[in-house]
Amino acid sequence: MRSVDEHLQEILGRVKTLPPLDLALLEAQGTVLAEPVSAPVPLPPFDNSAMDGYAVVAADIAAAAEGSPVTLPVVGDIVAGDSGVAAIRPGLTARIMTGAPLPAGADAVIPVEWTDGGAANVRVFRAAPPGNYIRRAGEDVRAGEVVAPAGTRLTAPQLGMVAAVGRPRVTVRPKPRVVVVSTGDELREPGSALSPGQIWESNSFMLIAAVVEAGGVGFRHATVEDEPGDVLEMLHDQLVRADAIITTGGVSMGTRDVVKEALTGTVGFHKVRMRPGKPQGFGLLEGTPVFTLPGNPVSAYVSFQVFVRPALLAMQGLPPEPLPTVSAVLAEDVTSPTGLRHYLRGKLSFSGGSYSVAPAEVQGSHQLASLSSANALIELAEDTEAVQAGSTVNVLRLPS
Ligand code: AMP
Ligand code: MG
């Protein structure tokens, strides 16, 4: 028997960060930067208008008020995209659009709402200080500033930022490609009819979704039957498209523990002091990490979150942190097996300024319904035997 932490440490000690790859921006969505991205020029690159309105000399309209507007001749129109060579003299104004370069000589923008909107002459009803509604060069980003350090996951705002500093391509850690394969003679494809003794295969769908949630790409291999020779051959065939492989089933103490038979010698099989998920295996098959997870669906899922997800994060160059964790008040008494790290399905809710968590009524490792209606795992330490309602517990939030 080994602890959860020992097993995770072995895994993290052996997985490697994926080599970097140069990708076009939209291909890079969801990947992690392997280089810092910085701005070659300031953003905005030039002083410009924050409003549709009129570029003025602030002193010219210092006396403007609702009952006594100041009238200025309008000498031109400046739109976004203009080259920025326009200028105005005191006593004059130019109509200006949002994002258009501020003309030389102007030191304020009067929004059109503060005027009568005139085209030849405009009446201004409000005074404004110098700088009014001007967006200064560099007030978003300074030239040379790093806008996204290495290790940044490129989600929507970060992709926008990288484009905004003019980069068409980025060097990133690719999404780990993870082959997921279930084993078991009893498993049938969803959509097919069940004969006695059969069930529909579910782990691979669940785990591929979990891989994607962790930033990877999942490839589903058809379920393999409980024939050790077939399993080994299949796994070798998958190596060309795999940065990691996940198997489920066939690792416990039965007579048909096909994964264990096929991979003994390559994968280290261990009993890990946890519930659910005791039988675990991890190893490298020609250098590719292989996770052999237990077959019971809840065990497979919890094992993924505890062991595989941190490994996938590390492969992406990210800290291998656990699922986001909050402290919550336990709604009911629970008991826990001594010596095992216990992950209980629960429902986390937030009200009155704090989190509370209610354990699911059933906790069997085959009871997928109680996982699918949970949103969190209550994590109880190995030495915990019982926790009373009202106590504070650690809760891992499941991806939503
Ligand atoms: P095993 O570890 O292969 O002995 O499987 C343990 C339990 O999990 C058995 O009840 C299996 O039928 C079930 N099981 C294994 N693999 C899957 C799967 N891919 N989808 C659904 N149930 C599974
Ligand atoms: Mg099986």
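Which residues are the closest to ligand 1? In this predicted model, they are Ser-182, Glu-186, Glu-201, Ser-202 and Gly-250.

## The surroundings of ligand 1

Ligand 1 sits in the largest pocket. A total of 15 residues surround ligand 1. Sorted by class, this shell holds 10 polar, 3 nonpolar and 2 charged residues.

## Polar contacts of ligand 1

Nitrogen atoms of ligand 1 take part in contacts with the protein. In Ser-182, the side chain is involved: one of its polar atoms lies 3.0 Å from a nitrogen atom of ligand 1. In Ser-202, a polar backbone atom is 3.1 Å from a nitrogen atom of ligand 1. Asn-203 also contributes its backbone, with an N or O atom 3.4 Å from a nitrogen atom of ligand 1. Of the 480 Å² that ligand 1 exposes when taken alone, the protein buries 76%.

An open sheet is built from 3 strands in the order 1-12-2, with antiparallel pairing. Strand 1 (21–24) and strand 2 (32–33) are the edge strands, each pairing on one side only.

Strand 12 covers residues 169–173 and runs antiparallel to strand 2, to which 2 bridges join it. Within this pairing, Val-32 has Arg-173 of strand 12 as its bridge partner.

## Strand 25 and its partners

Strand 25 spans residues 354–359 and pairs with strand 22 (residues 325–330) in the parallel sense, over 2 bridges. Here Val-357 of strand 25 stands opposite Leu-330.

Strand 25 also pairs with strand 24 (residues 341–351), this time in the antiparallel sense and over 6 bridges. Ala-358 in strand 25 is the bridge partner of Lys-347. Strands 24 and 25 form a hairpin, with 2 residues between them. The turn contains Gly-352, whose phi is positive, at about 60°.

Strand 25 therefore has both kinds of pairing, since two strands count as paired when at least two bridges are found between them: parallel with strand 22 over 2 bridges and antiparallel with strand 24 over 6 bridges.

Key:
Residues are numbered from 1 along each chain as its sequence is written. Chains are lettered from A and ligands numbered from 1 in the order in which they are written. This is a predicted model: local features need pLDDT of at least 70, side-chain atom pairs count only at pLDDT 80 or more; totals for chains, interfaces and linings use all residues. Side-chain values use heavy atoms; hydrogens and water are left out. Helices (H or I, at least four residues) and strands (E, at least two) are DSSP runs, numbered from the N terminus. A residue is near a molecule or strand if one of its heavy atoms lies within 4 Å of it. A polar contact is a pair of N or O atoms within 3.5 Å; within protein, one must be able to donate a hydrogen and the other to accept it, and residues adjacent in sequence count only if both atoms are side-chain atoms. Accessible areas come from the Shrake-Rupley method with a 1.4 Å probe; for residues, only the protein chains shown count as cover. On a 1 Å grid over the protein atoms alone, a cavity is a set of points where a 1.4 Å probe fits but cannot get out, and a pocket is an open set with protein on both sides within 12 Å along at least five of seven lines; lining residues have an atom within 4 Å of a point. A molecule sits in a cavity or pocket if more than half of its atoms lie within 2 Å of its grid points. Ala, Val, Leu, Ile, Met, Phe, Trp, Tyr, Cys and Pro count as nonpolar, Asp, Glu, Lys and Arg as charged, and the others, Gly among them, as polar.
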